[in-house]
Amino acid sequence: MRFQPIDRAAARLGAAERASVRGGAKSGHEKRTSLLFGDFGDPDALRRLAGGIRQHAVENLDSYLPAAEARMEANGVRVHWAPTAADACAAVLGILRARGATRLVKAKTMLSEEIGLGEFLGRHGIESLETDLGEFIVQLDGDHPSHIIKPILHKNRAQIAASFERHGVGPYDEDPEAITRAARRFLRHKYMAADAGLTGANFVVAESGRVVIVTNEGNSRFCLAATRCHIVLVGIEKIVPRDRDLALLLNLLARSATAQQLTVYTEFVSGPKAAAQPDGPEEMHVVFVDNGRTEVLAGDCREILRCIRCGACLNVCPVYRQAGGHAYRSVYPGPIGAVLSPLLLGEGFAGKADLPKASSLCGACHEVCPVDIPIPDLLLRLRARAGREGVPSPGVPPFGAWSILASRPAAWRAALAAGKLLDHLPAGLLPIPALRAWEGTRTLPRWRGGEFRKWLKRRRRRP
Amino acid sequence: MPPSEAAPGARRVQLMGTCLCDAFFDDVAAATVEVLEYLGCEVIFPPGQTCCGQPAFNAGDWPASRRVVRHCVDTFAGDCPVVAPSGSCAAMLFHGAQLEFEGEPDRPAVEALGRRTRELGDFIVNGLGTRAWPGRYEARVAFHHSCHTRGTASGAAARSLLGSIEGLTLVEFGEGEQCCGFGGTFSVGFPHISSAMGGLKLSHVRAAAPDELVSGDMSCLMHLGGLAEKGGAPIRTRHLAQVLRDALAGAGPAGIGGAA
């Protein structure tokens, strides 16, 4: 029997990894909920407000992006526009080459994963080093992130300690503090030796040109403080209209992502070092990346561009908890990834069309989304697109004949009666894949087709 | 006050029996009729009804689904409430169908049907104003919130009804907000994930040691009950309507006839 890729991946997931993913996701969700509902009387109203702000922003990128660009240029920032992933990689390489830079320190950015920046720079002789602890471990292991804010949710302490020992970062020690100290010792002089620092941006404010970066490890601050050149890689959808919008969005982001009232470091960067300032990067570049976003904006799933990458939908998702992040074969796993990956990633829609179907449409993701993205509706729209484009879907039965049956009452009643045959045949042996898939782990109740209608007739005949 | 007095006159409702009850769970549809009639409703069962169209909708075959929804619009013509013993089928009509009819010329008719379609528990509590259920039902009940009732009044309605029944104890279980893993075609398209989700739900339910697992949706219960039985440790599953009906039958003199 053929199974969809994500279902196969979930079946193969090892017990240790499943335990890490489930435990991490569950506790992340529970802490978020208790903090959000403890702090705010009506968090759902805030989610809707934030969703409205983000929706307004992405629907008015045509005015907010030029406004942001003008402010940034006035603030001394060089702005670059990258329509594609290749353009974005080339822009970063161009900036580095112009300075003769060969060593780059990177704070966490999902976008750099999306466009394959690290690998691209490596091929062009630039050493780029991940400085977020999780991303650092991923890079050491030649692994991929499995969660958008906790990249190593799939790993446990023992695996990390073993990896540190293998790569000479530090002796084997499972103590989290020892792990952190070893990474810190290793990274600290790398910052000092770097020629440039690259960060993402959580938000870019149109009215001020401010770039907002939130982290918990201070690594982005080191990237800025220790290097002469700061490059910001940011998707064009990360715009918010006004500085004051950040009050709401930062409050929701930190609570939704890591169950914190405020992240440990929240940086507002307006430009390169001013003449009177003692230190900081003398050059600042912002690379705005489209890479398919304009097309998403033009389609029927544009609400996905509201996303502020908090990961709350991953944590609550029962499918993510069973399958883990790698099963999504994308930088963006979980519910958000099931929408974003087929829309944004290079290999095209068909290669990822199984992801929107890998959902029971339970709606938990929509319920926790800080910007109120109706993720189940978007998954359904992508399923309809797969239907329109004729993308095959192993295991899911076709519905054309069924719909004809279900719109002809006499035929429907005849089928209800005929279904009794099911009780006399072992359903698991029938040449109907859906029935066999059901019977693999579940019993089928006895067929009682038409019995209710008979009962109702008898009841109505009663005096 | 007995609920039947709270329902003004003979309120006419159309029953959407659901295809699952039509095929497998006739007693649930029957219980729904009995409960609604007890509440003073005149229950019409349009015989031409088939399915709400959700299986094709979820599978991405929207043209096929729209064909079935159009059949629903014809079958459930009129202006009285359409009541379904399923949060899932009701949500298909008031939410799902609205999505797939965006830009279709007959969307207004689909909207009108969606507006008068209610899940049973929601209809009893918020449509008819029934606050407490009479009778008696001796059981420890674990109530499973079906996901299609997220963001609706159905979950709270069912819990308040069940909680008001004499003798019935609602027991809580872990990770109640998590899906059971059914998800329609998801259950057969992604059988490993679906079954693992169901297994987790069952382990939480079992830990709470209820006598019965109750829900407003037979689809969840078919999946969970089927998993439990296949695993060699069956659990007793019942629909909300069955519990309400059986509570009436178990009512002492202070039940049906007296103060609720």
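**Helix packing and contacts in a predicted two-chain model**

Student: In which hand does α6(B) pass α7(B)?
Tutor: This is a predicted model, in which local features need pLDDT of at least 70 and side-chain atom pairs count only at pLDDT 80 or more, while totals for chains, interfaces and linings use all residues. Residues are numbered from 1 along each chain as its sequence is written, and chains are lettered from A and ligands numbered from 1 in the order in which they are written. A crossing is left-handed if the near helix is turned anticlockwise from the far one by less than a right angle, and right-handed if clockwise. By this rule, the passage of α6(B) over α7(B) is left-handed.

Student: Which residues of α7(B) make the contact with α6(B)?
Tutor: Two residues are in contact if their C-beta atoms, placed from the backbone, lie within 7 Å. From α6(B), the contact uses Leu93(B), Phe94(B), Ala97(B) and Gln98(B). Its partners on α7(B) are Val110(B), Glu111(B), Leu113(B), Gly114(B) and Arg115(B).

Student: Is α5(B) antiparallel or oblique to α6(B)?
Tutor: Helix α5(B), residues 62-75, packs against α6(B) with the axes 10 Å apart. The angle between them is about 130°. That angle makes the arrangement of α5(B) to α6(B) oblique.

Student: Which residues of α6(B) make the contact with α5(B)?
Tutor: The crossing of α5(B) and α6(B) is left-handed. On the α5(B) side, the contact is made by Trp62(B), Ser65(B), Arg66(B), Val69(B) and Cys72(B). On the α6(B) side, the residues are Leu93(B), Ala97(B) and Glu100(B).

Student: How far apart are the C-alpha centres of the two domains of chain B?
Tutor: An automatic or database assignment divides chain B into domain 1 (3-126) and domain 2 (131-249). Their contact takes 27 residues from domain 1 and 24 residues from domain 2. The C-alpha centres of these domains are separated by 21 Å.

Student: Which helix gives the most to the side of chain A that touches chain B?
Tutor: The contact between the chains takes 54 residues from chain A and 53 residues from chain B. Helices (DSSP runs of H or I, at least four residues, numbered from the N terminus) that each supply at least two residues of the chain A side include α1 (5-12) and α22 (451-461). The most, six residues, comes from α18(A).

Conventions:
Axes fitted to C-alpha atoms, helices over the stretch in contact; angles between N-to-C directions. Parallel < 35°, antiparallel > 145°, perpendicular 65-115°, else oblique.
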